[in-house]
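Please keep the sequence and the model in view while reading.

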Amino acid sequence: MVLDALARLTEERVDHRFKGLPPDAGGLTVGELAAQRRNLFTGGFTTPVLALSAERLEHNLRLMETYAARHGLAFAPHGKTSMAPQLFRRQIEHGAWGITLAVPHQVRVARAFGVQRIFLANELVDAAALRWIAAELDADPGFRFICYVDSVRGVELMDAALTGAGASRPVDVVVELAAGEGARTGARTEDACAAVADAVAGVRGLRLAGVAGYEGEVPRADPERVHAWLRRLVSLAADFDKAGRFAGLDEIVLSAGGSAWFDAVADVFAEVPELSSPVLKLLRSGAYVSHDDGHYRELTPFNRVPEEGALEPAFRLWTQVVSRPSDEQAFTNAGKRDAAYDLDLPFAQVVRRDGSERPATGISVTGLSDQHAWLRTTGEADLEVGDWVGLGLSHPCTSFDKWELIPLAEADGTVVDYIRTFF
């Protein structure tokens, strides 16, 4: 990582751009504010404010590092989850091979902060972006870039842009096998994959580096269907290798793995036969870094393999009761602008009053307006105007992207750092 670029994040001035931060911190640098180690609850932070648990973040980083190592997997966590270079650095420090990304802007962010290995889980046919990638590769011999390709037309567009840019290094590509008919991207059949591979072999701007796909798009996914598709992917790699398509490679890239089925990836990738070169078995799960209290809590593979450990939800959105119009209803001051809501509504977890915290018994979130959460309360609920309500969230990707600077807080509320995002 480029430490100077990360250090410069601490020099940014705290001001009106950053939600929830103490108004009296205006003018301080982020580093100066972090050094004050203010308390999230007593240090002048305003609601709503999203906080990331320092302890749970570290737990999740360590758990997936251990998991990947135990199963012989390289790990390129999907950076689109957080778009936070500070977290990219910590993921790499915890053994990640590199970072997966989805679109050219995200690659530019990662490169600005010195990420040396990037897997782009998309076919890249934008000529301007390809010219920039070619320049990055030519300027930095240590930069490794891999991206999907799933069509002959895509190969033609990529090669034309790279040739026009005068690229001296070919771009490594992996043929994407679709997860099934009607699934998302990818060549639908093995014959179509072979045609794409033939097209790559016929151009100078690209080099075939392996095969990849995303098992999360398998239609009507269940363990049997996901395992079967992953075995198709492994067989495709073996067939390509037998046909000599990987001749001259130092390693063959085989990649899959979202956040729902990485246990199946570990199972099937353990069965990979010996090929003509070592196989880089690249897992790309990304939501683990913060986990959540909803969607991913329900579908995490650790529910199926509890002996391997458990991820911990690291986000909590603190919001304040601003209206209590009846015994059955209350409103807090966080809404769609602040909380993820695309998969599930937030979950009322705890209430804070006068420095004490208790479970949010009898309180549920029933809806969100732009700037309000609608709460239903039963007779068990002890809730007053002014109380802080801690909400759990579902879907990390749409939690990170609503906050540009996120306090990283220890269990007692001490804020030890601020995580900058770039969406």
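With which side chain does the side chain of His395 make a polar contact at 2.7 Å?

## Basis of the report

The model is predicted: local features need pLDDT of at least 70, side-chain atom pairs count only at pLDDT 80 or more, and totals for chains, interfaces and linings use all residues. Residues are numbered from 1 along each chain as its sequence is written, and side-chain values use heavy atoms, with hydrogens and water left out.

## The surroundings of His395

The partner is Asp342, whose side chain lies 2.7 Å from that of His395 in a polar contact (a pair of N or O atoms within 3.5 Å; within protein, one must be able to donate a hydrogen and the other to accept it, and residues adjacent in sequence count only if both atoms are side-chain atoms). The side chain of Thr398 also makes a polar contact with the side chain of His395, at 3.3 Å.

His395 is located in the loop between β16 (388–392) and α12 (397–400); helices (H or I, at least four residues) and strands (E, at least two) are DSSP runs, numbered from the N terminus. With a relative accessible area of 13%, His395 is buried (under 20% relative accessible area, where exposed is over 50% and partly exposed lies in between, using a 1.4 Å probe and protein chains only). When neighbours within four places in sequence are set aside, the residues in contact with His395 are Asp292, Tyr296, Ala340, Asp342 and Leu343 (contact means heavy atoms within 4.5 Å).

Why is strand β8 (residues 252–256) described as largely enclosed by the rest of the structure? Five of its five residues are buried, so the description applies. Ile252, Leu254 and Ala256 cover one side, and Val253 and Ser255 the other.

β8 pairs in the parallel sense with strand β7 (residues 206–212) over three bridges (pairing requires at least two DSSP bridges), and Gly210 stands opposite Val253. Strand β9 (residues 279–283) runs parallel to β8 and is joined to β8 by five bridges. From β8 the chain passes through helix α10 (residues 262–269) to β9 in a right-handed β-α-β crossover (with the strands pointing away from the viewer, the path from the first strand over the helix to the second runs clockwise).

## Cysteines

The whole structure contains zero disulfides (pairs of cysteine sulfur atoms within 2.5 Å). The closest cysteine sulfur to that of Cys147 is in Cys193, 15 Å away, which is too far for a bond. Cys147 is buried, with a relative accessible area of 0%, and Cys397 is buried at 9%.
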